[in-house]
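Look at the model first, then read on.

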Amino acid sequence: MSARARLARTAAPFRAATRTAQVLIVIGVLMTLGFVFVATLGPTLAPYEPTQYQVDPEEPEAGQLPRLEEPSSDHLMGTNRDGFDVFARVIGGARVAMIVVLVSTLIALLVGVPLGLLAGYRGGRLDRILVTTMDAIYTFPSLLLAIVVAFLFGELFAPGVASAASAVGIVYIPQYFRVVRNHTLSVKQEPFVEGARSLGAKERTVITRYVFFNVVQSVPVIFTLNAADAVLTLASLGFLGYGVPPPAPEWGFDIQQATQDITSGVWWTTMWPGVAIILLVTGLTLVGEGLNDVINPLLRARGLSGTKLRGAPIGGSDADASLPRGRAKAADRDADDGADPPGATTSTSPNGPHRADGPDGPATADRDSLPPTAPVHSATAGVEPVLKVRDLRVGYRTPRGPLWAVDGVDLDLAPGEALGLVGESGCGKSSLSRALLNLMPPGGLVTGQITLAARGDGPGNEEIELVDASRRQLRSIRGDRASLVFQEPMTRLDPLMRVSSHFREAIKAHRPDLSNDRVRELTETALAKMGIPRTRVDNYPHEFSGGMRQRIMLALGIVLQPQLVIADEPTTSLDVIVEAQILDILAELRRDADVGLVMVTHNLGIVAETCDRVAVMYAGKIVEMGPVEQVFNAPAHPYTQGLMASTISLETTELHSIEGSPPDLIDPPDGCRFAARCPAVMDRCTEVIPRLTRPEDTAVDDHLAACILHPGADPADPLPDERS
Amino acid sequence: MASSSMRRYLLSRVAMTLPMLLILLTVVFLMLRVIPGDPIAATVGDRVSSEELENRREAAGLNDPLIVQYGRYLLGAVTGDFGNPVTDRRTTVQVIADTFPASFELVVVAMIVAVGFGVTIGAIAGRLRDTPFDVAGRLFGIVSYAAPVFWVALLGQLYLSVRLGWFPTGGRASGFDAPESITGFYVLDSLLTWDLSALGASLYHLILPGFTLGLVFGGIFLRFVRVNMLQTLRADYVEAAHARGVSERLVLFRHAFKNAMVPVVTITGLQFALLLGNSILTERVFSWPGLGNALLSFLGARDYVGVQGIITFYAVVVVVISLLIDVVNALIDPRIRH
């Protein structure tokens, strides 16, 4: 990697940070640099020496304390009771503070790092003893430790910068020790260490080098935060008389000297050294915390950097696909995960016999959204759909501009119908599933139309338009009339709450008047249906296995008998038996309660087993939709064909994959979004956005594909009914 | 079932504490044995005859082999005998009994202040990320952390006590103001004897030192709680609660806030130790008759026995507090018990 690329990568998280975070870091860096400047050059620029006697020799009054001069143009911050210029002392104090911070860090590093390497490398009893010792030191009040050490070193050697710095440095040894030790431990288990050893390299060298490069990344944060703390500790030591001894200018000691001034109303001797400490510590903390905010992925403000979204994109896309593919994919995926909290385990697949991890497979062309007038597809014509989606778009803010993860989707779902929504990671299916409940992370925007049909009669059950619904209306719909069942069952339940409390909370949110007994009864019934015995209702989430938790989540989703269930990868990370159980439960729901089901998955086998219709998504658009049998047996879109070819079945002799990666959704290409990966691509594909039309050779009416291979898909062609 | 898992957790936690205590005590013992000469000579060497010195040395057991002294020290520490200071007629335990309640009272008030304002502002700032409230709250948190304890205390003393006369300039309630001593904790004693004027006087003396100490540490809590809120607000279970139609208020308090508080309880132990250490600065400024000032006067007199005794006591307190905090944590978070 070139130096420039490396720099760009290092700076990337900073650019992705919010404006506020950036401003705070810059302020912190400027403040810190200001102090470094003052500390290095200041004493030569200051008007006086910090220990230069400032009293007028004309009036030497023996035995009397010199007069303290108020701040004036001569003495910007006044003079103190030793007759020194406070401004010069404050500047001199910056140098002392900087030296002590550097020396103490050096001491902490010199002791902490080798001990950490040793403990991590050797392990065993030595490790345990060292870890406990460091924990003990870490637990002990750091100021007391520093005082005692400064006192002892002062007795043993002599009080001075060295003993003060050692006292301050000892406090930080445990932190460096811990970081290095933990890295060493984890590196030791890495396969490449073994690999390097088999190549003749010394294991110790490999570990040290690798640990070094890893630790170096976390050192800036630890260092700045420790430096801030060190300045405070040094001042405290000075205040108590165990720091750098006079006459060296040290802020804490100077404040201690000024204690008596306060009763006589002299404020400047106390004020200025304190202000200096505050400014320096604030600057360092801003840098350290800012770095942490930016580097730590858990704290990143996703969805809040970049320009706020105001509405749907206008027209198609402007073509300037100059961005590298790799990044495009990453950005794309980020967006899709936008609603997923950190640490979410997205997909670890237990290999079922029919698992088709979608991405990669040669295939076809793809098209754009229908105009709202285009024919819409419903499996069960004549039945009022439970869910009607028109021109749905889901956008996120990103530092590079708006990203439309879902870009013009139309759908109908009949009661009791199951629609499979498939596509590779980042195609927008997770975004779509959240958007159906208008459940957006900060910075996300949903436009278009989502209509949920009335549920019988009665107040609160009427037909409702979810895109413009108020928060209160949305809240009353979610979990009651429409449920979203997430993947990652391990993290979706509040670890501090009993399972029964989750149910009580959800039920009371929608039926506040139900008695506790009734709530209990509903809970037990819903859980019993999922095979969770009554005796476990009051257990905590961590007491259940992943499969049980997923069933609990499902029970939570259907306890209030919704009209619509959206299941986002409900069986990912579950074993095949549990998967089958869950699919059975879902099927039963549709049959018995006429629930409309949207099943989001990348597992084509599940779709084949449980769904009536399937919609294939690519890069934010539906590229093909129709009855499962029809689409799977005779895919009309090259992308679907590629997906099918990459599926493993009993007859598989050769495994295909779709080459290339999905386009950058922040800056999507012109024309069909699949064109770049399509084996059947033509020039025309990059010029027009194909629309969903019925392929001419298909057997059924409601099979649609968006590829100009099929007449009518080119927007220049007449619409099918016009043709006939 | 829950109680048996709790008992098992407690046992294992205590078992983990003992080695740490042993190591801390060993470190204290070794540190105070590296100084040249012996404690008696260092303290009063130039003021007494060599015979007297030898007698006192013998009486203090300093002529025994180091390992014997170490054993005696450990035994003393666990049986509550922290030695006899050279410069004070009282035993170390008596010194501690006389001064620790004052320090503890101060630290408790400071802790209440710190947690109270740190948690409130931190949680709101986390919820309102990157709004002006958040930025102001963060800056306030950072600046109050950056302000040296003793400096804030001095300025408080200057403006609120000397200039405005709202508070006493220092010391604890004394003379007729002080409650009848039962436990040594004035607030507790005045409540026990239902002596309201003593209660008032005790609080009157406590407020300024407690606030100046607590304010500084509130900044740490503020920053910590804010960061935790940022994380729990994005947690899977929070989104899931939204998806179930749970009201914003409940999601915020029951899920995000409660989970954000778990790590806060964990650091409270560490913070308590830090507060205890830093209270030495407040005690110095306000002439507060606490353990910190007792330590400083032993240090000033170079009374190693006294210093060692007090440091040992601090070590025991710190270890006990971290044990207590872990127990509280286990009560709150069911996962820890397993």
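Glu524(A) counts as buried, because its relative accessibility is 15%. (Buried means under 20% relative accessible area, exposed over 50%, and partly exposed in between, with a 1.4 Å probe and protein chains only.) Salt bridges that share partners also join Asp391(A), Arg393(A), Asp407(A), Lys621(A) and Arg673(A) into one network. A salt bridge here is a side-chain nitrogen of Lys or Arg within 4 Å of a carboxyl oxygen of Asp or Glu.

This is a predicted model, in which local features need pLDDT of at least 70, side-chain atom pairs count only at pLDDT 80 or more, and totals for chains, interfaces and linings use all residues. Residues are numbered from 1 along each chain as its sequence is written, chains are lettered from A and ligands numbered from 1 in the order in which they are written, and side-chain values use heavy atoms, leaving out hydrogens and water.

Glu524(A) has a partner, Arg520(A). The two are 4 residues apart in helix α17 of chain A, so about one helical turn separates them. Arg520(A) is partly exposed, at 31% relative accessibility. Helix α17 covers residues 516–529 and also holds Arg518(A) and Glu521(A), 3 residues apart. (Helices are DSSP runs of H or I with at least four residues, strands are runs of E with at least two, and both are numbered from the N terminus.) Arg518(A) is partly exposed at 35%, and Glu521(A) is partly exposed at 46%.

| Salt bridge | Closest N to O |
|---|---|
| Glu524(A) and Arg520(A) | 3.2 Å |
| Arg302(B) and Glu155(A) | 2.8 Å |
| Arg492(A) and Glu239(B) | 2.8 Å |

Where do Arg492(A) and Glu239(B) lie? Arg492(A) is in the loop between β6 (482–485) and α16 (499–510) of chain A, and Glu239(B) is in helix α10 (residues 236–243) of chain B, so the pair joins two chains. Both Arg492(A) and Glu239(B) are buried.

The interface of chain A and chain B has 7 salt bridges. Over all chains, the whole structure has 34. The contact (heavy atoms within 4.5 Å) takes 88 residues from chain A and 77 residues from chain B.

Chain B itself has 13 helices and 0 strands. Of its 338 residues, 57% count as buried. The C-alpha atoms of chain B fill a box of roughly 85 × 55 × 40 Å along the principal axes.
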